[in-house]
Amino acid sequence: MQVGSNARFELTYCTNIHPGETWPDVFTTLQQAAPELKRRLSPDARFGLGLRLSSQASEQLLQADALPEFRAWLDANGCYVAIINGFPYGAFHDTVIKSKVFAPDWRDAARVAYTLRLVDILAALLPADLDGGISTSPLSYKRWINAANAPEDWRTMTRNVVEVVAAMARTRQTTGKFLHLDIEPEPDGLLENSAETIAFFETWLLPEGGPLLADTLGMTPSAAEECLRDHVQVCYDTCHFAVEYEAPDAALARFQAAGLKIGRVQISSALKAPLPDAPAQREELAAGLAPFAESTYLHQVLERRRDGGLRHHADLSEALPHIADPDATEWRIHFHVPLFADSFGTFGSTQDHIRALFPLLQAGNITRHLEIETYTWDVLPPALKRDRLDSIE
């Protein structure tokens, strides 16, 4: 829905808060949730959905008349889709996911084919007055890329991203619909912060991908670089950047200086736990965090050290045995918690990162798309749960 001065922002929520892997299941959930949320939040204006589709759902939506039927339903109910979550490829609920959320990565043709299907879907759904974004993984999981194969892996990922950019550029030329691929940095992803994201552009995408795109589309090198900068943008997830201890003003300034655009801001809170000095208090904190060390999703922990450095723990369950380390001063945990709470007993959230970001969005022409994302709803400790629609509202 439109918010902000002069209705300059499109605010929506990511539908990955709802379980559903097949298109019939996704559509049933949308039919149940979207009209009621629109009635509550945007009764007199169109209401946006941040659509999450698995690979299976994307295939099913492109079969027979499913896509035009969905477009007709959106129009009839005053809803629209301008952004799609294309990060999780496979099952995302009720199964152990952990690092599999990064698979297949951008070395794999299956990731390319999935993303190209999302390009076709979004081009058919996108309102004429909006740009459209497809979020995607940070290329791979960092632990999967070994030094010996790294250069060839980077070339393969660059080539595959360029294939999607070429499809988006052709779509823009033939339909006028402007789509962008929004790479989402994440802790322990191959691209996990602003510096690594910028390095991908400057080391691989522009110098290696530019000539490839120029040859593919028959354009000049400068036009190919402009095309890449238009169609490959950043998904700025406030949870992820807060976990990385990157202040929003600094991160956005780095992206701007490097000429990278922000395709969307995903508004989400992480867990933040300053570590007290007293061992007994640390034990109490560990007991409070234990319910969040669940078995479905990966909950990376970035630990600030007394010397100012950062230490990575692959998952909260692996970090908890080290909570007594006296050189550790703070944990930030990749667990998307409800935005409306800033504290959870003995620890808090990174809501302050979001509050610091909002004035920057108001002051600058950074992005139009704002998407609330709390996909961990089903695995939240019971005390944090309300009715799902009430919480989205």
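What follows is a walk through the salt bridges, helix contacts and a few individual residues of this structure.

The model is a predicted one, so local features need pLDDT of at least 70 and side-chain atom pairs count only at pLDDT 80 or more, while totals for chains, interfaces and linings use all residues. Residues are numbered from 1 along each chain as its sequence is written, and side-chain values use heavy atoms, with hydrogens and water left out.

Let us begin with charge. Side chains of opposite charge can pair when their charged atoms come close. Here a salt bridge is a side-chain nitrogen of Lys or Arg within 4 Å of a carboxyl oxygen of Asp or Glu, and a search of the whole structure finds 29 of them.

The side chain of Lys142 meets that of Glu192 in a salt bridge, at 2.7 Å from N to O. This pair links distant parts of the chain, 50 residues apart: Lys142 sits in the loop between strand S5 (132–136) and helix H5 (150–175), and Glu192 in the loop between strand S6 (179–183) and helix H6 (194–217). Those element names refer to DSSP runs numbered from the N terminus, where helices are H or I with at least four residues and strands are E with at least two. Lys142 also forms a salt bridge with Glu196, with N and O 2.8 Å apart. Glu196 lies in helix H6 and Lys142 in the loop between S5 and H5, so this pair ties together parts that are 54 residues apart in sequence.

Lys142 is partly exposed at 28%, and Glu196 is partly exposed at 26%, whereas Glu192 is buried at 5%.

Another pair to find is Lys261 with Asp230, whose closest N and O atoms are 2.5 Å apart. Lys261 is partly exposed, at 36% relative accessibility, while Asp230 is buried, at 13%. Elsewhere, Glu36, Arg39, Arg40, Asp390 and Glu393 are linked in a network of salt bridges.

Now to the helices. Two packed helices are described by the angle between their axes and the distance between the axes. Axes are lines fitted to C-alpha atoms, for helices over the stretch in contact, and angles run from 0 to 180 degrees between N-to-C directions. The axes of H6 and H7 come within 8 Å and cross at roughly 115 degrees. H6 and H7 are therefore roughly perpendicular to each other, given that angles under 35 degrees count as roughly parallel, over 145 as roughly antiparallel, 65 to 115 as roughly perpendicular and the rest as oblique. On the H6 side the contact (heavy atoms within 4.5 Å) is made by Leu205, Leu206, Gly209, Gly210, Leu213 and Ala214, and on the H7 side by Ala224, Glu225, Cys227, Leu228 and Arg229.

The axes of H9 and helix H12 (residues 351–363) come within 9 Å and cross at roughly 45 degrees. That angle makes H9 oblique to H12. Pro248, Asp249 and Leu252 of H9 meet His353, Ala356, Leu357 and Leu360 of H12.

Strand S5 is also the place of Gly133. Gly133 is buried, with a relative accessible area of 0%. Beyond residues up to four places away in sequence, Gly133 touches Ala82, Ile83, Ile84, Leu122, His180, Asp182 and Arg264.

Finally, some backbone details. A cis peptide bond joins Ala103 and Pro104, with omega about -15 degrees, and Pro104 lies in the loop between strand S4 (79–85) and H4. Lys98 is in the loop between S4 and H4 too; Lys98 has a positive phi of about 45 degrees although it is not a glycine, and Lys98 is buried at 18% relative accessibility. Tyr245, in the loop between helix H8 (238–243) and H9, has a positive phi near 60 degrees and is buried, at 14%.

Methods
Buried means under 20% relative accessible area, exposed over 50%, partly exposed in between (1.4 Å probe, protein chains only).
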